[in-house]
Amino acid sequence: MSEASGKIVGVNGNMITVEFDGAVSQNEVGFACLGDLRLMAEVVRVRGSLADMQVFEDTALLGIGDIVEFTGDLLSVELGPGLLTQVYDGLQNPLPELAEKCGFFLDRGNYLEAIPRGTPWEWTPTAKVGDKVSAGLTLGQVPEGIFQHHIMLPFAMDGNYEITYLAEPGTYRVEDVIAKVKDEKGAEHEVTMLQRWPVKVPIQAYQERLRPSEPMVTKVRIIDTFFPVALGGTYCIPGPFGAGKTVLQQITSRYADVDIVILAACGERAGEVVETLREFPELTDPRTGKSLMDRTVIICNTSSMPVAAREASVYTAVTLAGYYRQMGMNVLLLADSTSRWAQALREMSGRLEEIPGEEAFPAYLESVIASFYERGGRVRLKDGRTGSITIGGTVSPAGGNFDEPVTQATLKVVGAFHGLSRARSDARRYPAIDPLDSWSKYPSVVNPDQIDLARGILRDGTEIGQMMKVVGEEGTSIEDFLVYLKGEYVDAVYLQQDAYHDIDAATSADRQKMVFGVITDILKASMVFDDKETARRFFHQLTQTTKDWNRVDIEDPQFEELKNRLVNMVSEVTANA
Amino acid sequence: MHKVYHRVESIAGNVINIRATGIKYRELAEVTSRSGSSLAQVIQLRGDLVSLQVFAGARGVATDAQVRFLGRSMEVPFGDFLLGRIFTGGAQPRDKGPVLSENLIQIGGPSVNPAKRIIPKKMVRTGIPMIDIFNTLVESQKLPVFARAGEPYNPLLARIALQAEVDIIILGGMGLKHDDYLYFRDTLEESGALSRTVMFVHTAADPIVECLLVPDISLAVAEQFALQNKRVLVLLTDMTNFADALKEIAITMEQIPSNRGYPGDLYSQLAARYEKAVEFDGAGSITILAVTSMPGDDVTHPVPDNTGYITEGQFYLRNGRIEPFGSLSRLKQQVNGDTRSDHRTIMNTMIQLYAGFRETTEKQSMGFRMSAWDTKLLKYGERFEKEMMDLSVNIPLEEALDLGWKILADCFEPMETGIPSKLTDQYWPS
């Protein structure tokens with residue numbers, strides 16, 4: 001492919017207009033040359049011989065007539081062993097290495113290799129010479145931390161091939177040739193462990209997409225029981241500032257029952273990323289006993305980093321997720337926050353002087369959001385195994401009002417909605433997921449009848465609580481008062497969870513089934529009290545005991561003891577039927 | 001020598017357009033006409049058409065004004081000689097000191113590599129119990145004060161500046177009333193803190209473009225001090241004026257507004273400034289305390305709303321007091337575990353009881369009967385408001401905690417507070 005070149009004819013914020021010779025393609029990457037600096041940019045619109053490009057860096061001191069070199073490639077990421085534990089910016093530059101090179105600041109125009117070239121990998125071929133293969137099929141494996149990293153026929157290789165050579169087991173680096181294949185016309189191609197893939201194109205080297213059916217256990221009770229997420233499903237967490245979106249994402253990234261977690265910190269506070277960055281290597285993954293960082297990749301484009309790279313960062317993240325899904329792994333992608341990404345689209349759209357939609361967001365906002373979430377999903381691979389990408393995105397609606405375009409566009413395409421409410425977070429009821437407004441289309445870890453019962457009580461309890469504010473306790477019947485207390489009870493002991501307590505922070509699926517069974521029995525019991533004060537005191541005590549129960553390890557003998565105590569307490573006040 | 005242009009194509013608001021070649025984006029130019037000269041900055045290039053934002057405002061700029069490009073972007077002088085000085089938003093002296101042009105540094109530089117940040121762990125003591133106990137300020141935090149016009153936010157800022165244990169104070173004033181500017185200057189001078197302070201002040205009477213420069217200049221200077229291992233506190237007041245200046249320029253440039261006239265990149269613009277708050281791995285720190293006045297006391301207004309998503313918490317100033325509900329320091333958990341063993345307990349207990357007091361006053365106003373418990377809460381609430389919340393209270397954290405115990409002991413029995421008996425045995429005043 002011949003690479004075009006061009007000259008800058010306009011600069012407006014991070015958008016440059018380039019007059020070019022030759023052919024350029026939409027989303028092609030080019031470099032604007034500023035002295036020795038080369039600033040990466042992407043074509044976003046072409047009109048005649050003019051290309052509008054978004055620059056992924058600060059554009060200060062670019063001028064008319066400066067040269068732009070096109071590369072002929074779309075914006076791509078490197079895929080191969082060595083991705084895990086890395087911290088990248090939105091363009092897949094490793095940040096720690098960048099810090100070594102440039103010091104404290106992210107100086108523009110520095111692009112580093114995403115995957116270290118020198119690391120030795122212990123290669124074991126699993127295919128055989130003579131095997132017929134196509135893109136995405138495994139040729140061999142290298143151990144990467146706790147996983148077997150599959151080396152696959154690169155996804156960009158269309159058609160069918162025959163393996164003509166496989167390297168002997170041994171130590172190789174990512175750029176060494178580990179296989180050769182012959183295409184249908186007889187031409188031979190060399191294969192290394194390293195491949196590149198354009199971020200805005202979904203990886204589809206699988207057999208078919210499956211319906212998400214198995215639950216992805218997050219160990220957050222209100223999610224798994226009431227508003228579950230399935231492996232390969234999608235969900236969103238909208239909420240006003242201070243409602244705990246980021247804390248909820250952090251908890252999920254720690255405890256979720258998946259193989260790999262990819263965190264895309266997209267236009268949010270740097271401080272929060274730093275917490276993850278500095279704490280994850282110290283934390284152990286309860287599933288493997290190894291450091292949590294071993295299963296994590298962080299894509300970090302914080303709010304003060306260039307806006308165009310913010311837009312790229314979510315695609316970089318989902319492409320890495322797609323790569324690991326091809327190895328048959330369950331990947332969780334957490335994007336915080338998708339609103340910042342949508343705002344990056346809005347800024348660019350404004351500079352392109354496109355006709356704006358609602359709140360100046362571009363008209364294509366909905367389709368862009370939809371196609372992003374559609375990159376999630378569970379698939380059957382060509383060799384019969386399955387893998388999945390679960391996508392969870394936070395949304396930061398302006399003014400905490402869910403009627404804004406990004407929240408609404410997201411709600412249309414996701415399978416579960418965890419709406420955070422200011423009222424709950426103000427009352428310190430964490431996680432502040434609203435139990436009445438939220439919903440999920442995925443199956444729960446507990447029996448649906450039990451949920452209906454609990455939800456009914458929560459709804460009625462809230463209504464009665466509101467009524468009581470007007471008519472006072474005096475004007476409420478004891479039956480209604482009991483429903484109110486039961487609602488408050490479920491809320492306090494099951495929906496709320498202490499993220500900072502070792503045991504309470506993570507409740508396994510089995511434990512949820514068991515505990516929720518006991519609580520359902522308590523909710524069903526028809527209790528009798530002489531007056532409201534006795535009832536209130538009883539529920540105070542019941543709440544306290546259940547909270548203690550939540551804080552005891554399931555293996556601890558105290559666990560059974562407390563459970564029996566709860567059952568006894570309830571049976572003492574239950575009417576004999 | 002740089003080329004000089006004599007023909008201004010169009011003038012709109014504070015933006016002038018000229019035809020010129022070889023110009024760089026963000027380059028500075030000097031615009032001279034009969035009424036005086038001013039710096040200007042390139043904000044858009046379209047072929048040979050160059051849009052410049054004139055710092056002193058375009059008023060009086062003639063169509064034959066002389067425009068001389070300087071070949072560099074905006075810079076400010078930096079050094080210890082800045083201490084004790086007062087400048088305008090355009091970095092010109094506002095005091096009687098000399099014009100400075102040595103050791104120039106770039107403003108609006110690149111952001112800090114997250115890998116070079118560390119988790120903040122140091123408390124900033126202010127002597128204000130509502131901050132020290134309940135929402136501890138932490139070094140490298142960025143925190144706005146949300147307040148309606150008329151609240152005493154500038155005196156609050158000045159007090160924190162004087163009492164906070166930091167090496168350098170940088171005050172960035174945007175759209176300040178002249179009285180407020182003098183208030184800051186005099187207060188800092190009287191207390192002797194002016195010698196460790198640099199002030200960049202844009203008053204309401206100054207050209208609006210200079211308002212836009214204030215945060216960038218203040219933070220660029222702060223960053224250099226921080227790199228020299230200094231602990232810097234940056235005070236920015238009032239960021240709503242900054243946002244309004246952004247709005248004004250955006251509308252002049254015919255950008256499509258997103259929400260109530262503000263440009264679509266308001267979030268990114270604010271974040272680029274606030275994110276300069278940092279604790280460097282191996283150097284000093286920048287803490288940012290800003291004022292965001294809330295038009296109509298509405299927190300969903302685009303400026304406070306976007307700010308809330310960026311900053312690490314917020315203080316609500318209401319009726320001259322820091323409101324305990326809604327106010328939040330997101331970083332307080334990082335430090336309040338290591339101050340004194342009763343810190344977190346006092347913090348939680350007193351707020352819970354105060355919430356009870358608020359509910360009781362509501363009940364009281366609706367005419368419901370007051371129980372014995374309600375009466376206790378009423379007594380407690382009054383004392384809490386008078387002895388803790390009042391902004392004139394000025395005591396160190398330890399004394400404030402002791403005062404907390406005293407108020408609790410005067411109003412309640414130990415068991416009524418729900419505090420674990422281990423702590424009441426140790427601290428409950430007999």
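Analyst: Strand 1 (residues 5-12) of chain A and strand 5 of chain B pair in the antiparallel sense over 2 bridges. This is a predicted model, in which local features need pLDDT of at least 70 and side-chain atom pairs count only at pLDDT 80 or more, while totals for chains, interfaces and linings use all residues. Residues are numbered from 1 along each chain as its sequence is written, chains are lettered from A and ligands numbered from 1 in the order in which they are written, and side-chain values use heavy atoms, with hydrogens and water left out.

User: Why are strand 1 of chain A and strand 5 of chain B said to pair?

Analyst: Two strands pair if DSSP finds at least two bridges between them. These two strands have 2 bridges, so they pair by that rule. Within strand 5 of chain B, Leu45(B) is the bridge partner of Val11(A). Strands here are DSSP runs of E with at least two residues, and helices are runs of H or I with at least four, both numbered from the N terminus.

User: What makes up the contact between chain B and chain A?

Analyst: Chain B gives 53 residues and chain A gives 62, contact being heavy atoms within 4.5 Å. About 4,900 Å² is buried between the two chains, and carbon and sulfur atoms give 56% of that area. Buried area is the accessible area (1.4 Å probe) that two parts lose on being put together, summed over both. Between the chains there are 27 residue pairs in polar contact, both residues at pLDDT 80 or more. Helix 7 of chain B gives the most to the side of chain B that touches chain A, with 6 residues. By class, that side has 25 nonpolar, 16 polar and 12 charged residues.

User: What counts as a polar contact?

Analyst: It is a pair of N or O atoms within 3.5 Å; within protein, one must be able to donate a hydrogen and the other to accept it, and residues adjacent in sequence count only if both atoms are side-chain atoms.

User: Why is the meeting of Asp265(B) and Arg351(A) called a salt bridge?

Analyst: The term needs a side-chain nitrogen of Lys or Arg within 4 Å of a carboxyl oxygen of Asp or Glu. For Asp265(B) and Arg351(A) the N to O distance is 3.7 Å, so the pair meets the rule. The count between chain B and chain A is 3 salt bridges. Over all chains, the search finds 59.

User: What does the salt bridge of Glu268(A) and Arg340(A) tie together?

Analyst: The closest N and O atoms of Glu268(A) and Arg340(A) are 3.3 Å apart. Glu268(A) lies in the loop between strand 20 (260-266) and helix 4 (270-279) of chain A, and Arg340(A) in helix 6 (residues 338-351) of chain A, so the pair ties together parts that are 72 residues apart in sequence.

User: How many salt bridges cross the interface of domain 1 and domain 2 of chain A?

Analyst: The rule finds 0 there, although 8 residue pairs are in polar contact across that interface. The largest share of the domain 1 side, 7 residues, comes from strand 4 of chain A. In all, 21 residues of domain 1 of chain A touch 14 residues of domain 2 of chain A. The domain bounds come from an automatic or database domain assignment, which gives 5-74 for domain 1 and 79-114 + 206-438 for domain 2 of chain A.

Key:
Ala, Val, Leu, Ile, Met, Phe, Trp, Tyr, Cys and Pro count as nonpolar, Asp, Glu, Lys and Arg as charged, and the others, Gly among them, as polar.
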